[in-house]
Each structure stands twice: as C-alpha cells, then as structure tokens.
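The report below describes one protein chain, moving from its overall fold to selected residues. Please keep the sequence and the structure in view while reading.

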Amino acid sequence: MGRKSDKLTCYEVQHSIKEYLQEEMSLQDAAAFVKHVRSCPACREELEEYYAFSSALMQLEALEEGEEKGNFFLNIEKRLERTELAAMRFKNDHRARRILYIVMAIVLAAVMGVSMGV
Ligand SMILES: [Zn+2]
C-alpha cells in the first residue's frame, strides 16, 4: 500500500485484513483501513469473520502451547478504536483538540445551565 489517497476499495480492504490484524501496516494505512471498515458493512463483516476465525485458531494454539495470548482477544471494536486513537495522536492536531475543548466547554455550560436553572 502506501498511496497518498486514503480512499480504499473493498478489494484492497478485504485483502489487507490479515495485514491489519497482525499490525504489519503503517499507521496511515491502518487508519484508512479502519475508516473504510467503519463505513462499509460488507468489509466490516468480512473483518469480523476473519477475526473470529483467527482468534479461534490462536486460542487453539495457545491451549496447545499452554500460553496466554490475551492481547489478541481484544474485541474487534476495541481494536478499531485503538487504531483510530493512534491515528489521532499521530496527527497531533492541536487545532482539532482546541475545537474539542470548546465543544466540551459549551456542552458543560449547557449541562450546568440546565441543572442550575429552573
Ligand atoms: Zn468495503
């Protein structure tokens, strides 16, 4: 991978599921991957199926070897969130952070206004 655009086709996404789960992708590619999966039910399903399947395999291996491989059993949703968080941190977008603080301040003010008023 490693293209400039973060638009991926379903074919590309479904053929990089393994790469994503094994964390062999650059953060940029992983973020594009997650973005696609978020908005594409077909790829999301494909990912969940692959994940369930490979989790079962890992579990079997772990049992045979008597090992704990806890990390791999992260919920797929947690896994996606982790990529998104990492990508967000990577961008280190102070402007976005400032907007977030402003929004939070507005929400907080609204909540306090509601609870104090009346
Ligand atoms: Zn797709």
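Val 34 has its place in helix 3, where helices (H or I, at least four residues) and strands (E, at least two) are DSSP runs numbered from the N terminus. This is a predicted model, in which local features need pLDDT of at least 70, side-chain atom pairs count only at pLDDT 80 or more, and totals for chains, interfaces and linings use all residues. Residues are numbered from 1 along each chain as its sequence is written.

Val 34 counts as buried because it has 21 C-beta neighbours inside 10 Å; a residue is buried if 20 or more other C-beta atoms lie within 10 Å of its own, exposed if 12 or fewer, and partly exposed in between, with C-beta atoms placed from the backbone. Leaving aside residues up to four places away in sequence, Val 34 touches Leu 80, Thr 83 and Glu 84, a contact being a pair whose C-beta atoms, placed from the backbone, lie within 7 Å.

**Fold and confidence**

Of its 118 residues, 12% count as buried, and among contacts between residues at least 6 apart in sequence, 64% join residues at least 24 apart. The mean pLDDT (the predictor's confidence in each residue, from 0 to 100) is 83 for the protein chain, with 83% of its residues reaching 70 or more. Among the elements, helix 6 (residues 94–116) has the lowest mean pLDDT, 80, while helix 1 (residues 10–14) has the highest, 97.

**The core**

Val 34 also belongs to the largest nonpolar core, whose eleven residues are Leu 8, Val 13, Tyr 20, Ala 30, Ala 32, Phe 33, Val 34, Val 37, Cys 43, Leu 47 and Leu 80. Such a core is a set of buried Ala, Val, Leu, Ile, Met, Phe, Trp, Tyr and Cys residues joined through C-beta atoms within 7 Å. Helix 3 and helix 4 (41–65) are the elements that give two or more residues to this core, and the largest share, five residues, comes from helix 3. Leu 47, one of the core residues, touches Ile 17, Val 37 and Ile 76 when residues up to four places away in sequence are not counted.

**Helix 3 against helix 5**

The axes of helix 3 and helix 5 come within 9 Å and cross at roughly 130°; axes are lines fitted to C-alpha atoms, for helices over the stretch in contact, and angles run from 0 to 180 degrees between N-to-C directions. Helix 3 and helix 5 are therefore oblique to each other, since angles under 35 degrees count as roughly parallel, over 145 as roughly antiparallel, 65 to 115 as roughly perpendicular and the rest as oblique. On the helix 3 side, Leu 27, Ala 30, Ala 31, Val 34 and Val 37 meet Leu 80, Thr 83, Glu 84, Ala 86, Ala 87 and Phe 90 in helix 5.

Two C-alpha separations are set out here.

| Residue pair | Apart along the chain | C-alpha separation |
|---|---|---|
| Val 34 and Val 13 | 21 residues | 9.1 Å |
| Lys 91 and Gln 28 | 63 residues | 9.8 Å |

**Two further residues**

Lys 91 lies in helix 5 (residues 76–91) and is partly exposed because 13 other C-beta atoms are within 10 Å. Glu 23 is placed in the loop between helix 2 (17–21) and helix 3 (27–39), and with 10 C-beta neighbours inside 10 Å Glu 23 counts as exposed. The phi of Glu 23 is near 55°, a positive value in a residue other than glycine.

Technical notes: Two residues are in contact if their C-beta atoms, placed from the backbone, lie within 7 Å.
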